[in-house]
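This report describes how parts of one predicted model are arranged. Please look over the sequence and the structure before reading on.

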Amino acid sequence: MYSVEEIRANYKGFSNSKIENIARNESKGLRKEILGILKEEIENRNLDKRLITWVDAETNTLTDFEKQTLIRKIENLNCPNCGQKRSKLSGQEFNTIVSVILWCNDITQNRILCYYCGRNKKFKSYLITGFAGWWSRRGILLTPYTLVKDTINIFFQKKINDRIIAEFIEQNNGMFRLHGTDDENLFNMISWHNNDYEIQETEEELENE
Ligand SMILES: [Zn+2]
């Protein structure tokens, strides 16, 4: 492991944009001493002071008690998909495979939704994969695997929920610290999370020919 002095020297050599990027995206993983170095660099170079506010918010992680309170709050929000409160919200995983000849699109979506919206969406993913998943070499292997995995996942819903909610809280720590966790804020952040957070794996099988 590098000594603090070595790291300080490294940071001095970084460009402004690299320092800004670390402050925006990577501060959560840094040790306390290195956070100090990062903040010094931001100050010495006269970069935007809001970066320091952001780093402080991101690295001031929620306590277990705050997390538990937040989880109860999230469960009891209106559903960001249907806008209603028909059941508790939960984190759910949807897997969809679409393939055409040499092209295979494998999409995993993590969403926070009510039970009913989740059921509809799951059914849709199932149908799409069942009809459109098979039509490439990779799809032939991946489609039955995905359908079986989705079936098994039914028994692990609580585990999946806990993982997705924990990821959501972890990713948004800085936003919670800066903007609070009132219902409106939370609702907007979950809507945003549901729209953008998508793991997509496309593979052109041509590469393997
Ligand atoms: Zn809903």
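## Terms and basis

Axes are lines fitted to C-alpha atoms, for helices over the stretch in contact, and the angles between N-to-C directions run from 0 to 180 degrees. Helices (H or I, at least four residues) and strands (E, at least two) are DSSP runs, numbered from the N terminus.

The model is predicted: local features need pLDDT of at least 70, side-chain atom pairs count only at pLDDT 80 or more, and totals for chains, interfaces and linings use all residues. Residues are numbered from 1 along each chain as its sequence is written.

## Helix 2 and its two partners

Two packed helices are described by the angle between their axes and the distance between the axes. Helix 2 and helix 3 (residues 32-44) have axes that come within 10 Å and cross at roughly 130°. Helix 2 and helix 3 are therefore oblique to each other; angles under 35 degrees count as roughly parallel, over 145 as roughly antiparallel, 65 to 115 as roughly perpendicular and the rest as oblique. Their crossing is left-handed, a term used if the near helix is turned anticlockwise from the far one by less than a right angle, with right-handed used if clockwise. Ile-19, Ile-22 and Ala-23 of helix 2 make the contact with Leu-38, Glu-41 and Ile-42 of helix 3, where contact requires C-beta atoms, placed from the backbone, to lie within 7 Å. By class, the contact of helix 2 with helix 3 has five nonpolar, no polar and one charged residues. Ala, Val, Leu, Ile, Met, Phe, Trp, Tyr, Cys and Pro count as nonpolar, Asp, Glu, Lys and Arg as charged, and the others, Gly among them, as polar.

Helix 2 (residues 16-26) also packs with helix 4 (residues 50-59), at an angle of about 35° and with the axes 8 Å apart. This crossing, too, is left-handed. From helix 2, Glu-20, Ala-23 and Arg-24 meet Leu-51, Trp-54 and Val-55 in helix 4. The residues of this contact divide into four nonpolar, no polar and two charged.

## Helix 6 and helix 7

The axes of helix 6 (residues 115-132) and helix 7 (residues 137-153) lie 10 Å apart, at an angle of about 160°. That makes helix 6 roughly antiparallel to helix 7. The two cross in a left-handed sense.

On the helix 6 side, Tyr-126, Thr-129 and Gly-130 meet Thr-143, Thr-146, Leu-147 and Asp-150 in helix 7. These residues divide into two nonpolar, four polar and one charged.

## The strand pair

Strand 1 and strand 2 (residues 103-114) pair in the antiparallel sense over twelve bridges; pairing requires that DSSP finds at least two bridges between the strands. Phe-94 has Gln-109 in strand 2 as its bridge partner. The two strands form a hairpin with two residues between them, and Ile-101 in the turn has a positive phi of about 45°.

Ten of the twelve residues of strand 1 (residues 89-100) are buried, so this strand is largely enclosed by the rest of the structure. A residue is buried if 20 or more other C-beta atoms lie within 10 Å of its own, exposed if 12 or fewer, and partly exposed in between.

## Two single residues

Leu-186 is in helix 10 (residues 183-196). Leu-186 is buried, with 23 other C-beta atoms within 10 Å. Not counting residues up to four places away in sequence, Leu-186 touches Lys-73, Ile-74, Leu-77 and Thr-181.

Lys-158, in helix 8 (residues 157-171), is exposed, with 10 other C-beta atoms within 10 Å. Lys-158 and Gln-92 are 66 residues apart along the chain, and their C-alpha atoms are separated by 9.2 Å.

Terms used
Two residues are in contact if their C-beta atoms, placed from the backbone, lie within 7 Å.
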